[in-house]
Each structure stands twice: as C-alpha cells, then as structure tokens.
Amino acid sequence: MRLLLIRHPQPVLDKRHCYGASDIAVAPDQLQSCCERLLPQLPRGVDIVSSPLQRCVHLAQALAQALGQQSVTLQDGLREMDFGTWELRAWDDIAWREVEAWNQDLLHHAPGGGENLLAVARRMWAVFAELQRHYPGQVIVICHAGTIRMFRACAEWQSRQTGQGAQANPDAAALASIALQAASTRTTIAYGEVVPLDVPAA
C-alpha cells in the first residue's frame, strides 16, 4: 500500500512559538495556494484521512471537494504531540532547565507536563497499523511533520522484520527505538509537501 503523507499548510503562528496539539488556524491565502500546488500531484478516487486539528482538516476538506471525494475521515491519533503548558508560548520564554530536562530524557519526560515521546510513538504506531488494515491501496493522509517522521520510523522498523511484514508488532524496546529514530531525523518537511511511503498491506 502507499501512504501519501502531506504536511498541513503554514499556520498563522510562527516558529518562534511552541505548538503541537494546539488548534491553530491557517491563513486563507496559504490554504488556497497549498491546495493548488497539491492537486496536480494527487490521484482521484482515493480516501482522505486527516488529523482533527483545523490546520489539517481545512486542507483535507478543500482537497476532497476538488478531487470529488464525498467525505474526509478524521483520525484523532494523527494529532501532533501535546506540549502541555509549553503550548503557544514563545520558545524564548520557556526556561532552559525545562528544555534541558526534556533533552536529557526524550523518551519519558513530558514537556510542559503534556505527552512524552514514547506515548506519541505508541499512539502513532496504532494509527499506522490501522491505516494498513483499512486502506490496502492508496490513502491520502493530512497530518504533521512529527507524524510523518514517526510513520517513516515505523515503516523502517517494520521493513526489518524478516518474514513478518505488516504482521509485526513492536514491543516496548522497539517502540523506544522508533521514537528515538523519529526524534533524531532532522530532514525538513515543507508545509504542503507530499511524502509517499510504501508499506505492506495488512
């Protein structure tokens, strides 16, 4: 199967602020230009699944209308990481000791009391496996940069499971490895970029 992973358009809040699970809007001109760039790259007749956050939902709905799809499936597990009390704060206003505490234990420390990386990996794996079960062909997934990096790490782990393919399920150690691999990936994923990911169907 093929996942056509698409990062949402640029939100109105800039990168100087921390945001993940916050429901931030996208400027109408950004939404329109993103949709226009994407349409020539996308197939018709393919289901669309989206994070429930509006920066993803509005793009998913615009693409669905343009591609002749009847509806969009919202998947709560696709939402971005929850940074707790850090959400919507300027990075410069977050105490360095708090950031360093997270850097020292990426897996288990929950920044701002929100969600830790291991919990995100567990949640993302569940969605990754569900997509494989329900969409054996292609599916368009509107989501976040963190989601895309995590899905790539899930697919790479799965590809190493000789003879098991989509039937393989990671244990706690494997989930930790997936989470750390996703966190260490620094490749930039542009707003509105399509990232194809081929994985076995369940």
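Which residues does G77 touch, not counting residues up to four places away in sequence? G77 touches R123, M124 and V127, where contact means heavy atoms within 4.5 Å. Welcome to this predicted model, in which local features need pLDDT of at least 70, side-chain atom pairs count only at pLDDT 80 or more, and totals for chains, interfaces and linings use all residues. Residues are numbered from 1 along each chain as its sequence is written, and side-chain values use heavy atoms, with hydrogens and water left out.

**Helices α4 and α5**

- Let us begin with helix α4 (residues 117-134) and helix α5 (residues 145-159), which pack at an angle of about 70° with their axes 9 Å apart. Helices (H or I, at least four residues) and strands (E, at least two) are DSSP runs, numbered from the N terminus. Axes are lines fitted to C-alpha atoms, for helices over the stretch in contact, and angles run from 0 to 180 degrees between N-to-C directions.
- That angle makes α4 roughly perpendicular to α5; angles under 35 degrees count as roughly parallel, over 145 as roughly antiparallel, 65 to 115 as roughly perpendicular and the rest as oblique.
- On the α4 side, L117, V120, A121, M124, W125, V127, F128, L131 and Q132 take part, and they meet T147, M150, F151, C154, A155, W157 and Q158 in α5.
- Sorted by class, the contact of α4 with α5 has 13 nonpolar, three polar and no charged residues. Here Ala, Val, Leu, Ile, Met, Phe, Trp, Tyr, Cys and Pro count as nonpolar, Asp, Glu, Lys and Arg as charged, and the others, Gly among them, as polar.

**Helices α5 and α6**

- The axes of α5 and helix α6 (residues 172-184) cross at roughly 135° and come within 8 Å.
- These two helices, α5 and α6, are therefore oblique to each other.
- From α5, the contact is made by R149, M150, A153, C154, E156 and W157, and from α6 by A174, I178, A179, Q181 and A182.
- By class, the contact of α5 with α6 has eight nonpolar, one polar and two charged residues.

**A closer look at α6**

- With 13 residues, α6 reaches 18 Å from its first C-alpha to its last, close to the 18 Å expected at 1.5 Å a residue. The expected span of a helix is 1.5 Å times one less than its number of residues.
- A174, L175, A176, I178, A179 and A182 are buried in α6; buried means under 20% relative accessible area, exposed over 50%, and partly exposed in between (1.4 Å probe, protein chains only).
- What covers these buried residues of α6 includes α4 and α5.

**Strand β2**

- S50 is found in strand β2 (residues 47-50), and S50 is buried, with a relative accessible area of 0%.
- Leaving aside neighbours within four places in sequence, S50 is in contact with residues including C56, V57, A60, V72 and I142.
- V49 also lies in strand β2 and counts as buried at 2% relative accessibility.
- The C-alpha atoms of V49 and R122 are separated by 19 Å, and these residues are 73 residues apart along the chain.

**The loop between β3 and α3**

- G77 lies in the loop between β3 and α3 and is buried, with a relative accessible area of 9%.
- Although G77 and S50 are 27 residues apart along the chain, their C-alpha atoms are separated by 9.6 Å.
- L88 lies in the loop between β3 (73-74) and α3 (96-104), and L88 is partly exposed, with a relative accessible area of 48%.
- Phi of L88 is near 70°, a positive value in a residue other than glycine.
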